[in-house]
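Hi,

Here is the structure I said I would pass on. Have a look at it first, and then read on for what turned up in it.

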Amino acid sequence: DLKNKKPEKVRKIKRAAMSINYKLGALKRKFCQKCYHVYDNDDRVRIKNGNKIIVCSNCSIKRRWKLG
């Protein structure tokens with residue numbers, strides 16, 4: 001569970017998974033890939049043209065995923 005983790009801890013989790021070639025799967029959608037900030041209710045979520053767009057409240061980077 002990533003809810004209460006700090007960015008440094010999330011970075012360590014990602015590095016450990018990469019070192020043993022473990023796929024994070026759906027967990028990698030729960031944090032920002034640039035600053036490792038865990039997404040919460042402060043982040044903007046948009047659904048547009050079949051894509052889910054999340055804007056990080058910490059670094060303002062947009063992440064996009066296809067829906068369905």
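Let's start with the inside. The largest nonpolar core is made of six residues, namely Cys32, Cys35, Tyr39, Ile54, Cys56 and Trp65. A nonpolar core here is a set of buried Ala, Val, Leu, Ile, Met, Phe, Trp, Tyr and Cys residues joined through side-chain atoms within 4.5 Å. Buried means under 20% relative accessible area, exposed means over 50%, and partly exposed is in between (1.4 Å probe, protein chains only). A second, separate core has five residues, including Val10, Phe31, Tyr36 and Val38. In soluble globular proteins, nonpolar side chains tend to be buried together.

Before going further, a word on where this comes from: it is a predicted model, in which local features need pLDDT of at least 70 and side-chain atom pairs count only at pLDDT 80 or more, while totals for chains, interfaces and linings use all residues. Residues are numbered from 1 along each chain as its sequence is written, and side-chain values use heavy atoms, with hydrogens and water left out.

Helices (H or I, at least four residues) and strands (E, at least two) are DSSP runs, numbered from the N terminus. Of the 68 residues, 26% count as buried, and the C-alpha atoms fill a box of roughly 35 × 25 × 20 Å along the principal axes.

Tyr36, from the second core, is worth a click. It sits in the loop between α1 (7–19) and β1, and its phi is near 65 degrees, a positive value in a residue other than glycine. Most residues other than glycine have a negative phi. Tyr36 counts as buried because its relative accessible area is 14%. Together with Phe31, Tyr36 forms a stacked aromatic pair, 6.2 Å centre to centre with 25 degrees between the planes. Rings of Phe, Tyr and Trp (its six-membered ring) pair if their centres lie within 6.5 Å, and planes under 30 degrees apart count as stacked, over 60 as edge-to-face and the rest as tilted.

Asn49, in the loop between β1 and β2, also has a positive phi, near 55 degrees. Asn49 is exposed, with a relative accessible area of 72%.

The largest has a volume of about 350 Å³, and of its 17 lining residues the closest to the centre are Arg29, Lys30, Tyr39, Lys52 and Ile54. A pocket is an open set of points on a 1 Å grid over the protein atoms alone, where a 1.4 Å probe fits and protein lies on both sides within 12 Å along at least five of seven lines; lining residues have an atom within 4 Å of a point. The volume is the space filled by probe spheres set on the points, which are joined across faces, edges and corners. Strands β2 (51–55) and β3 (62–66) each give at least two residues to this lining.

The second largest pocket comes to about 170 Å³, and Phe31 is among the residues that line it, along with others including Lys14, Met18 and Tyr22.

Cheers
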